[in-house]
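Please open the structure in the viewer and keep the selection tool at hand.

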Amino acid sequence: MRAFDSYIQKMTQKPIFHKEFFAKMHTFKELEFVDVEDLSMLKLLGLPITKYNNYAFTLETLNMPITQGKFCIVDIEANGSKPTLHQIIEIGAVMIENGKEVAEFSSLAKTDVLPDSIEQLTGISLAELQTAPSLSSVLEAFRLFIKDAVFVAHNVNFDYYFISYSLEQAGFGPLLNRRLDTIDLAKKCIEAPKYGLGALTEYLGIGFENHHRALCDAKATAQVFFKALEKLPQEVQSVEQLIAFTKPHNQKKKKKEKPVKPTDTSL
């Protein structure tokens, strides 16, 4: 977890005074190029910040009902697994607002490098990628699409940090969005043999056209998200409560049985 994320986690506990907030924002390396005292800029980077009163800030997600929340379900394809060495070749996303899908985002991204294994996995050809829009333009469009919605994905850290790193390298600054992992959410709400996207959608009877194509995977993940929300505990009402509920450390741990001492039959 980034130091920034740890600090923002404090805002889920209580509002933070303006002076303290701005002072802390100036200490984060990833925000050096940003006017951190411009709230509209922070919101553009994805932070759902709002005024609590004339003296403090809070997060919009704290009191936002799940049914009114903004969730961007995202999936990427890349020509490798490491953001520092490889590149995103496709981004797909579905925007959910007020409990409904309201928009879609889908684009390939130009590259001249496509390993055979990735071509076979995705069905994307090098010729398609060589004529696709530049990665920079795709990232810029995606940033304007997601805004400050909660970033949702199946194995969210992979997609989130890959995109965030790519945005920084392109000069657009990191993602600051709240995020949620549908693997962890599904494990809390759905009893299934396996939780990989392909296995889970098959188990739930969700139609799946092209696995390992970004928009198709994002759409399938959105359906998993909706299925899981149907089984949420009654007390989970706000967007921030949903994020907290989803985190793995909130899973109930089974109590370990105390070892039974062997009986000494010789006595």
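Helices (H or I, at least four residues) and strands (E, at least two) are DSSP runs, numbered from the N terminus. On this basis the protein has 11 helices and eight strands. The model is predicted: local features need pLDDT of at least 70, side-chain atom pairs count only at pLDDT 80 or more, and totals for chains, interfaces and linings use all residues. Residues are numbered from 1 along each chain as its sequence is written, and side-chain values use heavy atoms, with hydrogens and water left out.

**The whole protein**

The C-alpha trace spans about 80 × 55 × 40 Å along its principal axes. Accessible areas come from the Shrake-Rupley method with a 1.4 Å probe, and for residues only the protein chains shown count as cover. The accessible surface comes to about 14600 Å², and 52% of this surface belongs to carbon and sulfur atoms.

A residue is called buried under 20% relative accessible area, exposed over 50%, and partly exposed in between (1.4 Å probe, protein chains only). Of the 267 residues, 47% count as buried. Contact means heavy atoms within 4.5 Å. Among the contacts with a separation of 6 or more, 64% are accounted for by residues 24 or more positions apart.

**First stop: Thr-12**

Select Thr-12, in the loop between helix 1 (3-10) and strand 1 (16-17). Is Thr-12 buried or exposed? Its relative accessible area is 14%, so Thr-12 is buried. Not counting residues up to four places away in sequence, Thr-12 touches Leu-59, Leu-62, Arg-178 and Glu-240.

**Second stop: helix 11**

Glu-240, one of the residues touched by Thr-12, is also one of the buried residues of helix 11. Select helix 11 (239-246). This helix is mostly covered, with six of its eight residues buried. Which residues of helix 11 are buried? They are Val-239, Glu-240, Leu-242, Ile-243, Phe-245 and Thr-246. These buried residues pack against strand 3 (56-59), strand 4, strand 7, strand 8 (179-181), helix 8 (182-189) and helix 10.

Continue to His-249, in the segment after helix 11. His-249 has a relative accessible area of 60% and is therefore exposed. Between His-249 and Asp-184 the C-alpha to C-alpha distance is 10.0 Å, with 65 residues separating them in sequence.

Select helix 9 (residues 197-204) together with helix 10 (residues 214-229). Axes are lines fitted to C-alpha atoms, for helices over the stretch in contact, and angles run from 0 to 180 degrees between N-to-C directions. The two helices pack at an angle of about 55 degrees, and their axes are 10 Å apart. Angles under 35 degrees count as roughly parallel, over 145 as roughly antiparallel, 65 to 115 as roughly perpendicular and the rest as oblique. Helix 9 and helix 10 are therefore oblique to each other.

Which residues of helix 9 meet helix 10? Leu-197, Leu-200, Thr-201 and Leu-204 in helix 9 meet Asp-217, Ala-220, Thr-221, Val-224 and Lys-227 in helix 10. The residues of this contact comprise five nonpolar, two polar and two charged. In this grouping, Ala, Val, Leu, Ile, Met, Phe, Trp, Tyr, Cys and Pro count as nonpolar, Asp, Glu, Lys and Arg as charged, and the others, Gly among them, as polar.

Select helix 6 (residues 135-146) and helix 7 (residues 156-169), whose axes come within 10 Å and cross at roughly 115 degrees. Leu-139, Phe-142 and Arg-143 of helix 6 make the contact with Ile-163, Ser-166 and Leu-167 of helix 7. Four of the residues in this contact are nonpolar, one is polar and one is charged.

Next select Lys-147, in the loop between helix 6 and strand 7 (150-153). The phi of Lys-147 is near 50 degrees, a positive value in a residue other than glycine.

**Last stop: Gln-87**

Finally, select Gln-87, in the loop between strand 4 (70-78) and strand 5 (88-97). Gln-87 is buried, with a relative accessible area of 19%. Leaving aside neighbours within four places in sequence, the residues in contact with Gln-87 include Lys-110, Leu-135 and Phe-162.
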